[in-house]
Every structure is written in structure tokens, then in C-alpha cells.
Amino acid sequence: MFTNLIMKLRQFMTERYGNDPLNIALFAAGCVVTFVLSLFAYFFLICWIRVFSYLPFILAVLRMLSKNTYQRQKENEKFMRMSAPLMSFFKKKASHLSDKEHRYFDCPVCKNTLRVPADRGKIEITCPHCGKKFKRRT
């Protein structure tokens, strides 16, 4: 019986779009919006406003069950292009935080990221790209 249910679900989802990073972002946004609107409704005694918190969840489920996969892929690609600078910023910060042996500085002229050894005191850093020298405490 359980395998029969799984097979029916698999058959139902065969031509559907499924999950992607945009859906995950919509679910996360839905959680944040639900929390904020619930607080707002609690303090201002406006209960019907919580209905708007379900919109990101409904949109994500409709995208998952959509059969128009080409359009959903285009939406996801646009989302990934728009979120790429933010994602690269957080990945860069995470890698810098995990590296305990080095400090990272941006060159004041060319904005390149420079890696220098940590715990060396105040040192003079020379940018290999533009040749600018500047002092920083590591």
C-alpha cells in the first residue's frame, strides 16, 4: 500500500517542475513574513493581515507543481543572476572567517582583495596589481 502511494506520487510529479533555489528563497521569505506579520497582528489586533503571510508559500507550491518548466527555469535563472553578488559576498566572508592564518584587505586604489599573514603587527602591504603601498594592522 505504501509503495503504491509512492508510485502515484512519482507519477503525479513526473512532468512537474519541482524544487529550485527560488522556491527555497520563497519558503524562507514566507517564514520571515509570517513572523513579522504575526507580531504586527498581535500588537495592533489586526488578525486578517496574517493572510498575506501565506502568499510566498502559495507561490512556491504553485511553482513546484507547474508544468511550464521552461518559464520556471527562466525565473530561477533571473533570480540566480540577481542574487549572485549577494551570494558571492557571503561565500567570500565565510571563507575569510574560516582562514585563521591570514587577514584579508582591499586595496584602496584597485579594490583587489589581498591576503596577508595574520598576527604580524602593523605592516606595509604592497598591492601586486597596482603597486600601491598602504599600512594595516594584522
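Is cysteine 107 buried or exposed? Cysteine 107 is buried, because its relative accessible area is 1%. Buried here means under 20% relative accessible area, exposed means over 50%, and partly exposed lies in between, with a 1.4 Å probe and protein chains only.

Before going on, some ground rules. This is a predicted model, in which local features need pLDDT of at least 70 and side-chain atom pairs count only at pLDDT 80 or more, while totals for chains, interfaces and linings use all residues. Residues are numbered from 1 along each chain as its sequence is written, and side-chain values use heavy atoms, with hydrogens and water left out.

Now the overall form. The protein has four helices and four strands, and along the sequence they follow the pattern α-α-α-α-β-β-β-β. Helices (H or I, at least four residues) and strands (E, at least two) are DSSP runs, numbered from the N terminus. The C-alpha trace spans about 70 × 45 × 30 Å along its principal axes. The radius of gyration is 24 Å, whereas a compact globule of 138 residues would have one near 14 Å. That radius is taken over C-alpha atoms, and the globule rule is 2.2 Å times the number of residues to the power 0.38. Of the 138 residues, 22% count as buried.

Helix H1 covers residues 2-13. The expected span is 1.5 Å times one less than the number of residues. H1 is hardly covered, and the count of buried residues in it is zero.

Next, helix H2, residues 21-44, where tyrosine 42 sits. Tyrosine 42 is exposed, at 61% relative accessible area.

In one of them, lysine 67 pairs with glutamate 15, with the closest N and O atoms 3.9 Å apart. Lysine 67 is in the loop between H3 and H4, and glutamate 15 in the loop between H1 and H2, 52 residues apart. Both lysine 67 and glutamate 15 are exposed.

Arginine 63 and aspartate 20 form another, at 3.1 Å from N to O. Arginine 63 lies in helix H3 and aspartate 20 in the loop between H1 and H2, so this pair ties together parts 43 residues apart in sequence. Arginine 63 and aspartate 20 are both buried.

Glutamate 75 and arginine 72 also meet in a salt bridge, at 2.9 Å from N to O. They are three residues apart in helix H4, which means about one helical turn separates them. Arginine 72 is buried, at 15%. Salt bridges with shared partners join Asp20, Arg63, Arg72 and Glu75 into one network.

Last, the cysteines. The structure holds zero disulfides, a disulfide being a pair of cysteine sulfur atoms within 2.5 Å. For cysteine 107, the nearest cysteine sulfur is that of cysteine 130, 3.6 Å away.

Terms used: A salt bridge is a side-chain nitrogen of Lys or Arg within 4 Å of a carboxyl oxygen of Asp or Glu.
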